[in-house]
Amino acid sequence: MRSILDRYAPAPAFDEFAEADGRPRPHYAELAATLAGISAADFRHRVTTVNGVLLQRGVTFTVYADARGTERILPFDLIPRIIAASEWAHISRGVSQRVRALNAFLKDVYGEAKVLRDRIIPRTLVYSSEHFEREAIGVRPPHDTYIHVSGIDIIRDAHGEYLVLEDNVRTPSGISYVLENRDVLKRAFPRLFDRYDPLPVDDYPQRLRNALAAAAPPSVGDPTIAILTPGIYNSAYFEHTLLARRMGVELVEGTDLIVRDNIVYMKTTRGLQRVDVLYRRVDDDYIDPLYFKADSTLGVSGLFDAYRSGNVTLANAVGTGVADDKAIYPYVPALIRYYLGEEPVLRNVETFDCSDPAQRDHVLRNMPFLVVKRTAASGGYGMLIGSHSTVGERAEFADAINANPRDFIAQPIITLSAHPTVVGEEIAPRHIDLRPFALLSGDTVDVPAVAFTRVALREGSLVVNSSQGGGSKDTWILAD
Amino acid sequence: MLSRVAESLYWMARNVERAEDLARLIDVTAMRAVDHADDAGERWLSAYNIAGMDVPESHGLSARSTALEAIVFDVDSRLSVAACVRIARQNAVGVRAELTTEVWECVNGLYLFVEAQSPRAVGPDGVSTFLRSIRDTAQAFGGLCDATLAHDDAWEFLRIGRSIERARMTSRVLREIRDDDGPHVWQLVLEACCATAPFARARSQSSDPAEALAFLALSPVFPRSLRFCARQIDRALHRLSGAPAGTFADTSERASGRICASLDFAGQADLAREGTSEFADRIGAQIDELGSSIVSTYFPRVPVR
């Protein structure tokens, strides 16, 4: 029998699955054995079945650029990514440390601003951030928790070292794919789980609920929690419904809420019901037309006043976006040292700050070898990969950098690690990244054993974002 | 529960029910047209009336395929089977967090199934099977709602939506009856309401058309009779408000109570005196009003308190 693994050739990158000599790494050996026993035809059949199940379940996202607003399933690759216990311990320590430092940074910049006086980070960089919210200065959220939920994007370089590529501390998404991918894979292909015992992912909703309950205003005994969604046209709407259902809380839209006397209520069939904690999946700019974008219909008038009066907890807090601004990112290792007195567990990717003249020159001279990113953008939008760009595109970016240097950073092009992935009839290496999620309450960071692996399905592509042709994998984190 | 959610549940149930009822109506009409070709044109016109649709110009050329196109597939009308399925699914998306996986997948599956079809793909020989699948899935939806959702307020709004739409359909079918209609017409009417076997069991020895019509209007035990549906709505409203049966706490309960009373105390002779068509028309209008007062009671645009 011909197996789909027969022709697998490791990538010219760090291959997660195979050693340099082509043999599977120890924690992939059992998976390799299982895959070797599955015929190409059987595998193809499973792929079709799984895609059908995901469509029926409606595990879809909306592509904004597509005028028809089509729902698509996020391509799901059946070959799981496996992370050994020791590696996960390292990642989880690094994520936890980073989230604590970023939260301390937020508490500081919206409070005493000591970090600016001590010149750890340039004042102008913070105050010029598009996501720095002046209104949030002096507003202290319960327990000083700003970043209740975060997703830290991690990659592996050519030597296999885990590096932080990006912090997401506003409204990171992806958890629904983690939950659904595991569920679908278990049903459709139980054999893949043979001889592995990955840590379960299904307790995430309960842990999120616990973290949100702990964040309630201190006077509230049994808090009413709700998830605020921008609505059915949001690309992550499916995720909002899944979390609401699994957490057993209401999923509300802006029009379901009303604020009276600085208290937030939901409009129910039995009158108004008070809300204590809003896990909002709506960006700061849209939560309250009285303070932010005046034409926004996604939020509710008066929400910010209710928040400022301490009558409702917003998760994440208002203004967290300054901490994941890409121009702040190069300073995060310094923030870790400053606030925690520790060395960073996970290193940053080397980054050039275009607002610094010397670094800007370096960027402009070396564009074909760099990735240039807009500091305020996310989701794979607004970036230039030097090696895959035309002279015209580079000139366009150079002009934009010279016009607004603050809005750009650049990084060397890192060849992300690669992982066996189903490509047509074969299995071939494709580049991947990793997004673990962290839940913060007070000083305690909970890093559940759930992580989202994205895969760039196009050969050689380094862009894993779902909006840019990325797919996902089930991620198995092994117990000790 | 959220008013928006209650409203979406209500419309979701109404639209699934309507899709089921229309699919059955078209199937039954097509089957009867085979036996009574002389009367077929008339019966198709009747189907448009029941569906609340204008008769397309191409009706004269090919009554059957025109009806199929308009009543089943035309998504622009908002009244067709395909449009109802689309609206129901849209509602389901908006309340997805409230639904069980089973109920959601059922609606989503129905939507994906209908969207993938067209008159050409179904073909003349596949119509009955296609309509049957829609009915089956719509009925499975009802069963899954009953068997997997908690019977709380959310479920009561589903029950109200389903019962209102069912009562409207029965009243519209009865409204099409004329005194000189032949036996095949009232048999069609029974079939369109799923009532053939229940009526056969309930009828007296010397049954006549009037008795069948009275059964559809007044049976206390047949689930698609006007009376049965009105009772369902009334009970659901009282469970929502907590008001004791026989009293009313708001305008919608008052409206449902009135309808129940007029059906509880009517008999076959009253139908004959008023005329079945007129009777059905009057009750149908009252049910529409009831629908409006439920909307203003439970889904107000501006909250009262």
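**View 1. Glu20(B) and its salt-bridge partner.** Glu20(B) is buried, having a relative accessible area of 2%; here buried means under 20% relative accessible area, exposed over 50%, and partly exposed in between (1.4 Å probe, protein chains only). The side chains of Glu20(B) and Arg224(B) meet in a salt bridge at 2.8 Å, N to O. A salt bridge is a side-chain nitrogen of Lys or Arg within 4 Å of a carboxyl oxygen of Asp or Glu. The pair joins distant parts of the chain, 204 residues apart: Glu20(B) sits in helix 1 of chain B, and Arg224(B) in the loop between helix 11 (209-218) and helix 12 of chain B. Arg224(B) also counts as buried, at 9% relative accessibility. A network of salt bridges links Glu17(B), Glu20(B), Asp21(B), Arg24(B), Arg166(B) and Arg224(B).

A word on the model before moving on: this is a predicted model, in which local features need pLDDT of at least 70, side-chain atom pairs count only at pLDDT 80 or more, and totals for chains, interfaces and linings use all residues. Residues are numbered from 1 along each chain as its sequence is written, chains are lettered from A and ligands numbered from 1 in the order in which they are written, and side-chain values use heavy atoms, with hydrogens and water left out.

**View 2. Where chain B touches chain A.** The contact (heavy atoms within 4.5 Å) takes 27 residues from chain B and 25 residues from chain A. About 2300 Å² is buried between the two chains, and carbon and sulfur atoms give 44% of this area. Buried area is the accessible area (1.4 Å probe) that two parts lose on being put together, summed over both. Across this interface the rule finds 4 salt bridges. Arg57(A) forms a salt bridge with Glu105(B), with the closest N and O atoms 3.8 Å apart.

On the side of chain B that touches chain A, the elements giving two or more residues include helix 1 (3-35), helix 4 (81-94) and helix 5 (101-115). Helix 5 of chain B gives the most, with 6 residues. Helices (H or I, at least four residues) and strands (E, at least two) are DSSP runs, numbered from the N terminus.

**View 3. Gln232(B) in helix 12.** Gln232(B) has its place in helix 12 of chain B. At 16% relative accessibility, Gln232(B) counts as buried. Leaving aside residues up to four places away in sequence, Gln232(B) touches Arg159(B) and Ser163(B).

**View 4. Strand 3 of chain A.** Strand 3 (residues 76-83) of chain A is largely enclosed by the rest of the structure, because 8 of its 8 residues are buried. This strand pairs with strand 23 (residues 470-477) of chain A in the parallel sense over 5 bridges; two strands pair if DSSP finds at least two bridges between them. Look for Asp77(A), whose bridge partner in strand 23 is Lys473(A).

**View 5. Two salt bridges within chain A.** Arg46(A) and Asp42(A) form a salt bridge, their closest N and O atoms being 3.1 Å apart. These residues lie 4 residues apart in helix 2 (residues 40-57) of chain A, so about one helical turn separates them. Arg46(A) is partly exposed, with a relative accessible area of 21%.

The side chains of Arg454(A) and Asp433(A) also meet in a salt bridge (3.0 Å, N to O). This pair links distant parts of the chain, 21 residues apart, with Arg454(A) in strand 22 (residues 451-456) and Asp433(A) in the loop between strand 19 (426-431) and strand 20 (435-441). Both Arg454(A) and Asp433(A) are buried.
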